[in-house]
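Have your viewer open and your selection tool ready. We will go from stop to stop, and at each one you will hear what to select and what is there.

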Amino acid sequence: VENKKIIVTTSSREYDGKTIDGIRFCSMLDFWECQYRHYLKHFSNVSFRTPNNTKKTLSNASKKFICLNRNLKHHRVWTYYLLILKKSVIDGHVSFHLPSCAKQEGTLDYNFFVERSLYRVQKKENKKIKELMFVDKKLDDLDNNYIMNNRNSIVPYYQDSLFSIVTESLLPQDFVTEKTFKAIMHCHPYVIIGSKKTTKRLRDKGYMTFEDIFGIDAIETPDELNIFLDHLNSFTLSEWKEKIKEVWPKVEHNWNHYLKSKNDFSQFSQRLECLINER
């Protein structure tokens, strides 16, 4: 059968219904939310925590935050750079897999990628920190067969930290992936490094954000990250534990709201079928 139609699906609202270079774009806005929920319901060994268990172990956490960075994104380079520069990295469980991902790409000039990522971030070049941009920093071992790491080998790092700094997949677009929903299902307050449109979308869907303790709901620039990290560093681990307790009703609300949401994959298949059959 001759293929006569190309449709690109995306989780970004901004592209919905657009035709770019003759290709139709269709937004599946809740895809990643449904995907992670599907894993939780149908597969074993999937990572999550319950509010009751998390609240019991909150006082034992030795780190303020967790920040996971796997795939190649410019904002993950400057995030990791500033975490090291501000000495915030020692207060968190931080992964950084970009060097290995770059090698797998084969044709990518990773040095240029880093230079472009750090453009306007470095007031003066810090060679020692920059060298770390070329070395993996791992927590658990990832499954190379799956782009989403949902295995419960990551649970100890969530359990040993208080909140999530989520480097979302896209910076300027309204785009929410499983990274944010993993924070929610591990009972973490979260601050997103991504578009402020993303957190607005989450609130519109009934989720709660945490600008009351973080001073910001989404970080779009290195300057905003600098300000946030100063805020993070200005409170001790014990003080952050008290702050998390203050917003615990929000944490429980998000966890329950996620599991009770009614959207599922059927809406996507129905939408695609309509587009495929359009003339």
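**Stop one: the sheet**

Start with the open sheet of 5 strands, which run in the order S5-S4-S6-S7-S8 with parallel pairing. Strand S5 (92-94) and strand S8 (218-219) are the edge strands, each pairing on one side only. Here helices (H or I, at least four residues) and strands (E, at least two) are DSSP runs, numbered from the N terminus, and two strands pair if DSSP finds at least two bridges between them.

Before moving on, a word on the model: it is predicted, so to speak of local features pLDDT of at least 70 is needed, side-chain atom pairs count only at pLDDT 80 or more, and totals for chains, interfaces and linings use all residues. Residues are numbered from 1 along each chain as its sequence is written, and side-chain values use heavy atoms, with hydrogens and water left out.

Now select strand S4 (residues 63-67), which pairs with S5 in the parallel sense over 3 bridges. Cys 67 stands opposite Val 94 in S5. Contact means heavy atoms within 4.5 Å.

**Stop two: the cavity**

Select Arg 49, Thr 54, Thr 57, Leu 58, Ala 61, Tyr 158, Gln 159, Ser 161, Leu 162, Cys 187 and His 188 to see the lining of the largest cavity. Helix H2 (51-57), helix H7 (155-159) and strand S6 (161-167) each supply at least two of the lining residues.

Pick Thr 10 in strand S1 (residues 7-10). Is Thr 10 buried or exposed? Thr 10 is buried, with a relative accessible area of 16% (buried means under 20%, exposed over 50%, partly exposed in between, with a 1.4 Å probe and protein chains only). Leaving out residues up to four places away in sequence, Thr 10 touches Tyr 15, Phe 25, Cys 26, Ser 27, Met 28 and Phe 175.

Finish at Lys 130 in helix H6 (residues 127-132). Lys 130 counts as buried because its relative accessibility is 9%.

Key:
1 Å grid on protein atoms, 1.4 Å probe; cavity = no way out; pocket = protein on both sides within 12 Å on 5 of 7 lines; lining within 4 Å.
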